[in-house]
Amino acid sequence: MIKKCLNDNWLVYETGKRDNAIKVDVPYDAMLLDEKSEDSVTGVNLGWIVPKDYTYEKSLFVPIEWKEKVNIIYFESVYHKASVFVNGRKAAFQDYGYSGFYVDVTELLKYGEDNEIRVEAINSDQPNSRWYSGTGIYRPVWLYQLPQEHIKINGIKIDTVAISPARISVRVSTTGAGNVAVAIPELAVTGVAIADAYGHATLELECKDAILWSPENPKLYDIKVSFGEDEWTERIGIRTIEYNEKVGFAINGKRVILRGACIHHDNGLLGAAAHDFAEYRKVRLMKENGYNAIRSAHNPCSEAMLRACDEMGVLMMDEYVDCWYIHKTKNDYAGKVEENYKTDLKALVDKDYNHPSVIMYSTGNEVAETSQERGIKFTGEMTNYLHSLDNSRPVSCGVNIFFNFLFSMGFGVYSDKKAEAEVKNSSKKKAVGSEFFNNLAGLLGADFMKFGATLYPCDLKTKGAFANMDFAGYNYGINRYKKDLKKYPKRLILGSETFCSDAYKFYEIAKKEPRIIGDFVWAGMDYLGETGVGAMEYSDYAPDFNHGIGWVSAGSGRVDLTGKSLSEADYTMVAFEQKDIAIGVIPVKYAKKKHSPSAWKMTNAMQSWTWHGCEGMDTTVEVYSRDEEIELLLNGKSLGRKKRKDDCRVKFDVKYEPGELMAIAYDASGNESHRTSLVTAQSDTILVAEPEQKEISADNGLAYIRLRFCDKDGILNPLAREEIEVEVEGGKLLGLGSGCPFYTKSYLSDTCDTYFGEALAIVKPEERGEIRLKAFVAGKSELSAEAKVNVI
């Protein structure tokens with residue numbers, strides 16, 4: 001098998017307007033080109049964007065010798081309703097915007113000539129998503145060339161049979177009979193099987209010297225499988241998973257508590273474009289912030305993300321879809337799932353099967369169908385079908401326990417009639433469907449959903465569906481854990497979507513009770529769309545709190561859109577015993593001012609004690625620690641000691657004074673165990689440009705360069721705010737902006753506003769050599785900076 005990249009040199013244009021085509025490389029998100037309007041029916045879901053249909057074209061020269069091969073183009077995903085044309089002839093249609101699909105173009109190509117590959121993506125059928133979807137070819141494209149007799153696409157399935165000693169099973173599907181050879185060169189292991197007339201071959205290999213794959217040691221091996229002239233290489237990890245009421249969830253016989261984060265598919269300033277480097281970075285950021293698992297919400301993740309999880313030892317719950325047969329928006333995928341789920345789930349399993357990081361599947365998210373007899377049956381059908389494709393991994397589904405009950409009572413039920421009426425009567429707009437529930441939670445707070453989940457009718461509306469999955473997926477149901485563990489002694493509970501503030505409580509329960517499998521916070525990283533749902537924003541950055549035009553992101557990440565870790569991430573790391581102590585400060589300038597409401601934000605504290613001009617103003621300081629007692633000191637003077645109670649967050653009321661803010665933690669014997677501090681930046685502010693990596697690959701690297709207002713020692717000044725311009729040499733500026741949930745500029749601009757003193761530039765290299773980025777504030781020569789990144 002020969003695999004060729006088809007990412008370069010595409011034309012993209014609004015469908016029907018080819019004269020306005022621009023040259024791009026994919027992955028490319030054409031939605032970044034779309035305008036915004038207060039009249040957009042996408043509303044808060046997509047951030048008031050008016051999406052258009054886009055066409056992608058590529059000219060591909062096909063040598064005459066390719067005629068002897070089987071030629072298949074693989075699109076990792078196109079959003080959405082994608083039609084593929086080869087030389088003007090329609091070759092394929094893919095409805096779901098998150099599944100990869102294969103197009104056999106062997107008979108459609110003109111050999112020895114240039115060929116036109118054209119992809120038309122429809123996205124004007126709005127509204128069709130509850131979050132920012134992107135438009136077009138947002139994941140990579142490949143050409144597979146196979147000999148006439150070959151191993152079928154996704155025809156290699158590898159399972160770990162045993163771990164002491166290690167033993168694997170290799171199943172291979174071919175186009176006919178013949179010898180199949182398997183080798184793991186690093187282990188000097190080989191084997192041969194014979195494919196029968198149906199093209200089926202199976203063999204087992206003992207790998208007695210193998211190092212097992214685990215989150216702590218994610219060891220991978222290349223396994224080569226050949227059939228005649230065809231050879232494939234798969235990267236595998238040898239590991240077993242086990243789940244039951246005694247062990248909970250275990251890898252290689254050792255219990256693992258899932259410290260998980262939900263993430264959406266977008267990459268912040270890049271929109272939906274799934275560059276390999278960006279996907280790897282997102283996984284790395286989650287791991288650095290204490291998470292050992294990711295929930296791909298609410299759609300299948302990219303292949304690059306799976307490779308990243310494999311290599312970094314991060315566990316993956318790959319999710320199928322956000323709706324089944326009840327719409328959440330007018331033109332979403334609801335209604336297609338019952339018809340397409342077998343094809344879609346097979347694509348999901350084929351993509352995931354040989355990746356050791358994938359430890360479970362999820363069939364859906366907050367599907368109110370699970371409260372109905374039809375939906376309960378469908379839950380079981382999908383669980384059983386996934387088991388028939390892959391009997392080694394458990395299946396779950398995220399169910400909002402309280403909202404399932406409210407939905408069954410008629411509250412917040414979506415209908416096209418209601419939605420269209422609200423669009424026509426915007427002055428009296430009332431949210432419907434998911435937006436209704438999000439707004440309700442935002443107004444009433446996190447405890448509203450958690451308390452509601454404890455009501456008896458909620459149990460009645462969920463127990464049927466929970467019985468039809470391996471892990472009962474509780475969205476915001478932590479207050480049910482102890483009761484349900486007693487009532488349902490065989491039930492394994494997964495916090496499939498949770499609040500940040502519940503991290504400590506969850507972990508304490510899970511350490512004692514193995515049937516609590518894990519927790520997935522909403523959300524690990526901020527994401528585009530669902531605007532403002534998780535933001536605590538002030539009027540200096542968001543002139544209104546109605547989440548109208550100008551709002552771009554949810555604001556609910558423990559890590560913001562640019563990848564900056566927030567104090568909530570520190571809290572979570574302490575709760576999960578991944579960090580000893582940290583300090584967070586409510587922004588002093590705004591501490592007593594109103595902010596936008598959110599149930600998904602525990603705190604808007606920051607890791608800063610630099611608030612020039614705020615001397616004498618009151619604020620709240622949060623110290624995160626698991627120790628018995630915390631003391632807070634300001635410039636050496638104690639501000640008091642407090643006993644920690646039933647959480648790992650201790651709050652102090654403080655008047656701001658520049659200098660050093662120190663927290664000291666004491667153990668049960670009164671001995672100092674940990675300390676940390678924040679120091680005020682000096683008054684002279686400079687601009688610095690700091691690359692996350694000083695060297696990147698020319699093939700798939702991206703330069704992430706953080707722009708910061710700080711003092712000469714690198715201490716951030718969060719109150720410095722200016723518009724920054726950038727110039728780039730040796731690369732293309734792909735994205736520029738800040739982490740602010742309210743942002744009126746385009747991420748495609750060469751100027752940006754800062755957010756609490758920071759912004760981010762993302763540059764794609766043009767060739768080997770050097771990327772040079774110059775950043776400056778117009779009219780202020782002292783506020784300029786330069787960054788260099790080596791491209792190899």
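**Notebook: strands, helices and backbone exceptions**

I began with N154, which touches Y102 and D350 when residues up to four places away in sequence are not counted (contact means heavy atoms within 4.5 Å). This is a predicted model, in which local features need pLDDT of at least 70 and side-chain atom pairs count only at pLDDT 80 or more, while totals for chains, interfaces and linings use all residues. Residues are numbered from 1 along each chain as its sequence is written, and side-chain values use heavy atoms, with hydrogens and water left out.

I placed N154 in strand β11; helices (H or I, at least four residues) and strands (E, at least two) are DSSP runs, numbered from the N terminus. I found N154 to be partly exposed, with a relative accessible area of 25%, where buried means under 20%, exposed over 50% and partly exposed in between, for a 1.4 Å probe and protein chains only. I also looked up the separation of N154 from M317, which is 163 residues apart from it along the chain, and the C-alpha atoms of the two are separated by 20 Å.

**Strand pairing**

I followed β11 to its partner: strand β11 (residues 151-163) and strand β12 (residues 166-174) run antiparallel and are joined by 8 bridges, and two strands pair if DSSP finds at least two bridges between them. I noted that I163 has A166 in β12 as its bridge partner, and that β11 and β12 form a hairpin with 2 residues between them. From β12 I went on to strand β15 (residues 200-206), which runs antiparallel to β12 and is joined to it by 7 bridges; here V172 stands opposite A201 in β15.

I then turned to an open sheet of 4 strands, whose order is β1-β10-β5-β8 and whose pairing is antiparallel. Its edge strands are β1 (2-5) and β8 (101-104), each of which pairs on one side only. I recorded that neighbouring strands of this sheet are turned by 25 degrees against each other on average, direction ignored; axes are lines fitted to C-alpha atoms, for helices over the stretch in contact, and angles run from 0 to 180 degrees between N-to-C directions. Within this sheet I checked β1 against strand β10 (residues 141-146), and 4 bridges join the two, which run antiparallel. The bridge partner of I2 in β10 is Q145.

**Helices**

I looked at helix α4 (residues 337-352) and helix α5 (residues 373-389), which pack at an angle of about 30 degrees with their axes 10 Å apart. That makes α4 roughly parallel to α5, given that angles under 35 degrees count as roughly parallel, over 145 as roughly antiparallel, 65 to 115 as roughly perpendicular and the rest as oblique. I listed the residues that make the contact: V337, E338, Y341, K342, L345, K346 and V349 of α4, and R374, F378, E381, M382, Y385, L386 and L389 of α5. By class, I found 9 nonpolar, no polar and 5 charged residues in this contact of α4 with α5, where Ala, Val, Leu, Ile, Met, Phe, Trp, Tyr, Cys and Pro count as nonpolar, Asp, Glu, Lys and Arg as charged, and the others, Gly among them, as polar.

I next asked how far helix α6 (residues 401-408) is enclosed, and since 7 of its 8 residues are buried, α6 is largely enclosed by the rest of the structure. The buried residues of α6 are I401, F402, F403, N404, F405, L406 and F407. Just after α6, I saw that G410 takes a positive phi of about 100 degrees.

**Backbone exceptions**

I kept in mind that most residues other than glycine have a negative phi, and that most peptide bonds are trans. I found that A188 is not a glycine and yet has a positive phi of about 55 degrees; A188 lies in the loop between β13 (178-184) and β14 (189-195) and is exposed, with a relative accessible area of 68%. I noted a positive phi for E577 as well, near 60 degrees; E577 is in the loop between α14 and β29 (581-585) and counts as partly exposed at 44% relative accessibility.

I then recorded the cis peptide bond from V26 to P27, with omega near 5 degrees, where P27 lies in the loop between β3 (22-24) and α1 (43-46). The peptide bond from W522 to A523 is cis too, with omega near 0 degrees, and I located A523 in the loop between β28 (516-521) and α14 (567-575).
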